[in-house]
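User: Please take a close look at one part of the model shown here. Then set it beside the other local features that can be described.

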Amino acid sequence: MGSILVRAAEQWATARGIRHLSAGVHHRNVEAMRFYARHGYGDAGVSLGKSV
């Protein structure tokens, strides 16, 4: 189901001229990292956060 949703989101974005998508995934969520990697997503920078 996840793969179907990712493809649908990509098709939706492409149809609207969106050329870049990002997935907010915590680095400790190894399964999510693997999932998105299988779909061609890769490291696109750094996101900083802070617990308060």
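How many residues line the largest pocket, and which of them lie nearest its centre?

Analyst: The model is predicted, so local features need pLDDT of at least 70 and side-chain atom pairs count only at pLDDT 80 or more, while totals for chains, interfaces and linings use all residues. Residues are numbered from 1 along each chain as its sequence is written, and side-chain values use heavy atoms, with hydrogens and water left out.

The lining of the largest pocket consists of 20 residues, and those nearest its centre are Ala23, Val25, Asp43, Ala44 and Gly45. A pocket here is an open set of points on a 1 Å grid over the protein atoms alone, where a 1.4 Å probe fits, with protein on both sides within 12 Å along at least five of seven lines; a lining residue has an atom within 4 Å of a point. The volume comes to about 570 Å³, taken as the space filled by probe spheres set on the points, which are joined across faces, edges and corners. By class, 11 of the lining residues are nonpolar, eight are polar and one is charged. In this scheme Ala, Val, Leu, Ile, Met, Phe, Trp, Tyr, Cys and Pro are nonpolar, Asp, Glu, Lys and Arg are charged, and the others, Gly among them, are polar.

Next, the aromatic rings. Two aromatic pairs are counted, a pair being rings of Phe, Tyr or Trp (its six-membered ring) with centres within 6.5 Å; planes under 30 degrees apart are stacked, over 60 edge-to-face, and the rest tilted. Phe35 and Tyr36 are edge-to-face because their planes stand at 85°, with the ring centres 5.0 Å apart. Tyr36 also pairs edge-to-face with Tyr41, at 5.4 Å centre to centre and 75° between the planes. Phe35 is buried at 17% relative accessibility, whereas Tyr36 is partly exposed at 25%, as is Tyr41 at 22%. Buried means under 20% relative accessible area, exposed over 50%, and partly exposed in between (1.4 Å probe, protein chains only).

His39 is in the segment after helix 2 (30-38); helices are DSSP runs of H or I with at least four residues, numbered from the N terminus. His39 is partly exposed, at 23%. Beyond its neighbours within four places in sequence, His39 contacts Ser3, Val6, Arg7 and Glu10, contact meaning heavy atoms within 4.5 Å. The C-alpha atoms of His39 and Ser3 are 7.9 Å apart, although 36 residues separate the two along the chain.

Technical notes
Helix = DSSP H or I, 4+ residues; strand = E, 2+ residues; numbered from the N terminus.
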